[in-house]
Amino acid sequence: MPNRKRARRSAGLLLFRRSGEAGFEVLIGHMGGPFWAGRESAAWSVPKGEYDSEEEPAAAARREFAEEFGRPVPDGEWVALGEALQSGGKTVTVWALEADLDAATAVPGTFTMEWPRGSGVRREFPEVDRFAWCTPREAAERLVAGQRVFLDRLQEHLTDGRGTPDQEGA
């Protein structure tokens, strides 16, 4: 019988707020732990996490946002931004939500891993070590490559294909 790998799936929530010349900013998080320390480019992510076949993607996005940001998801209308396949083979589903949270108030969840590898020492690290509001250009430089498509999709949604921000809301 062939060995079938379980399809890895993640779901997340990309908060945005309208502002400035760029038209909007997004809230993204710098991935925590020793692998990402000292890196900025392609070391940030939409708050997201894996889920299994027993959980709905939207429920996973809500759960993961609360775990990673440390606060409940704000009220508002979710905008589906679709799916994207990341280079590691994981399919990521993301929604956007207009909200304005203070990034400094995040209380990220943690994970434990052996570090340094092979040392037998288990250490705890934040899932996300900091959050920041970024313009689409800043976010594109910081996000892992497989998630940048969600910025384009959000831009398209907010401009309704016109190239200028929809000031009345989406």
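Colleague: How many aromatic pairs does the count come to by your rule?

Modeller: The count comes to five aromatic pairs. The rule pairs rings of Phe, Tyr and Trp (its six-membered ring) if their centres lie within 6.5 Å; planes under 30 degrees apart count as stacked, over 60 as edge-to-face and the rest as tilted. This is a predicted model, in which local features need pLDDT of at least 70 and side-chain atom pairs count only at pLDDT 80 or more, while totals for chains, interfaces and linings use all residues. Residues are numbered from 1 along each chain as its sequence is written, and side-chain values use heavy atoms, with hydrogens and water left out.

Colleague: What makes Phe 69 and Phe 131 an edge-to-face pair?

Modeller: Their centres are 4.9 Å apart and their planes stand at 70°; the rule asks for centres within 6.5 Å and planes over 60 degrees apart, so the name applies. Phe 69 lies in helix 1 (residues 57-69) and Phe 131 in strand 9, 62 residues apart. Helices (H or I, at least four residues) and strands (E, at least two) are DSSP runs, numbered from the N terminus. Phe 65, Phe 69 and Phe 131 form one aromatic cluster.

Colleague: Why is the pair of Trp 78 and Trp 95 called tilted?

Modeller: The planes of Trp 78 and Trp 95 are 55° apart, with 5.7 Å from centre to centre. Trp 78 lies in strand 5 and Trp 95 in strand 6, so the pair ties together parts that are 17 residues apart in sequence.

Colleague: How do you know that Glu 83 and Arg 9 form a salt bridge?

Modeller: A salt bridge is a side-chain nitrogen of Lys or Arg within 4 Å of a carboxyl oxygen of Asp or Glu. The closest N and O atoms of Glu 83 and Arg 9 are 2.4 Å apart, so the pair qualifies. Glu 83 is in strand 5 (residues 78-85) and Arg 9 in strand 1 (residues 9-19), 74 residues apart. The structure holds eleven salt bridges.

Colleague: Why is Glu 25 called buried, whereas Arg 17 is called partly exposed?

Modeller: Buried means under 20% relative accessible area, exposed over 50%, partly exposed in between (1.4 Å probe, protein chains only). Glu 25 has 17% and is therefore buried; Arg 17 has 22% and is therefore partly exposed. The side chains of Glu 25 and Arg 17 meet in a salt bridge of 2.7 Å, N to O.

Colleague: What makes a set of residues a nonpolar core?

Modeller: Such a core is a set of buried Ala, Val, Leu, Ile, Met, Phe, Trp, Tyr and Cys residues joined through side-chain atoms within 4.5 Å. The largest has 22 residues, and those with the most contacts inside it include Leu 14, Val 26 and Leu 154. Helix 3 gives the largest share of this core, four residues.

Colleague: What makes you say that Arg 142 lies over the face of Trp 44?

Modeller: A charge sits over a ring if NZ of Lys or CZ of Arg is within 6 Å of the ring centre and within 35 degrees of the ring normal. Arg 142 is at 4.8 Å from the ring centre of Trp 44.
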